[in-house]
Amino acid sequence: MAQVHERLTVASSCSAYTHMTIHAPKKILIVEDEADIAHLVKLYLEKDGFRTTIAATGSQGLTMIKTNRPDMVILDLMLPEMDGLEICKKIRMAPDTALLPVLMLTAKAEESDTIIGLELGADDYVTKPFSPKVLVTRVKALFRRLERTHDPKQTSYAYGSLMVDLSRHEVMVDGKEICLTAKEFGLLEQLLHHPGRVLTRDVLLNAVWGYDYYGTTRTVDVHIRRLKLKIPLLDEAIISVKSLGYKLSDQVPVK
Ligand code: CA
């Protein structure tokens, strides 16, 4: 009997481990100065299997991003000292957090700020007052959306009438081949790889030109402009994000 019991224990701990490796819980940092809201959000996220930490100020939040390496940040817009927009900008400017998903919490009266929030690189926003259940749904939807667009093995892209074959370095629009320089091609590749996400000039410069390149971020602007001239569809699709960089609209513009 003792043997059977032992085997059962081993079997169950094994399956628990397997379960953990497949579904490693995602870590979410909640940056919110209102303790009641922060704890309610924490409660609902943890009920759904997420691991959470809370930061009550912006500077604490930025420190915890570095130490805790969260998979997503839920960021309140109205914070003392440093507001949510400032924090979001700092997250996007630092190369190691440039692509960290950010979901912003805003109040209805701040609708113009909401737009600025998205312009400064928040990936989504939820308006206060909100139902915690709705917030959890939006968190999950954002994770799903980002996972879908993050397949590093993808070698070809279709974006409206634009087809890009990465392995053959081939760009076609309406079946007609477009000649791009290596840098233009590199920029296009980065944008197609992260649709709907703000990529700062520094991130693009490092990805396409490399860390040892001594040029300025103006170089990125020049090449984006050339890319838009060669592929008119991109003129509308590549959105310039004030003071930060560029993003490829995840909705293909209708011509
Ligand atoms: Ca607040």
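This is a predicted model: local features need pLDDT of at least 70, side-chain atom pairs count only at pLDDT 80 or more; totals for chains, interfaces and linings use all residues.

In helix 3, residues 58-68, the buried residues are Gly58, Gly61, Leu62, Met64 and Ile65. Seen down the helix axis, these buried residues fall within an arc of 165°, so they line one face of helix 3. An α-helix has 3.6 residues a turn, so residues three or four places apart point the same way.

What do the buried residues of helix 3 pack against? Their partners are strand 1 (27-31), strand 2 (51-55), strand 3 (72-76) and helix 4 (84-93). On the face turned away from that buried side, helix 3 carries the exposed residues Lys66 and Thr67.

Now the two ends. At the start of helix 3, a side-chain oxygen of threonine 57 comes to within 3.2 Å of the backbone nitrogen of glutamine 60. Just after helix 3, arginine 69 has a positive phi of about 45°.

Next, the calcium ion. Its protein donors are Asp33 (OD), Glu34 (OE), Asp76 (OD) and Met78 (O), at 2.1 to 3.0 Å from the ion. Along the chain, the donors follow the spacing D-E-x41-D-x1-M.

Are aspartate 33 and glutamate 34 buried, partly exposed or exposed? Aspartate 33 is partly exposed, at a relative accessible area of 33%, and glutamate 34 is also partly exposed, at 38%.

Glutamate 34 has a further partner: its side chain makes a polar contact with the side chain of lysine 128, at 3.2 Å. Lysine 128 sits in strand 5, residues 124-128. With 14% relative accessibility, lysine 128 counts as buried, because the cut-off for buried is under 20%.

Conventions: Residues are numbered from 1 along each chain as its sequence is written. Side-chain values use heavy atoms; hydrogens and water are left out. Donors are N, O and S atoms within 2.8 Å of the metal (3.2 Å for Na, K and Ca); water is not among the atoms, so sites may look incomplete. Buried means under 20% relative accessible area, exposed over 50%, partly exposed in between (1.4 Å probe, protein chains only). Helices (H or I, at least four residues) and strands (E, at least two) are DSSP runs, numbered from the N terminus. A polar contact is a pair of N or O atoms within 3.5 Å; within protein, one must be able to donate a hydrogen and the other to accept it, and residues adjacent in sequence count only if both atoms are side-chain atoms. The arc is that of the directions from the helix axis to the C-beta atoms. Contact means heavy atoms within 4.5 Å.
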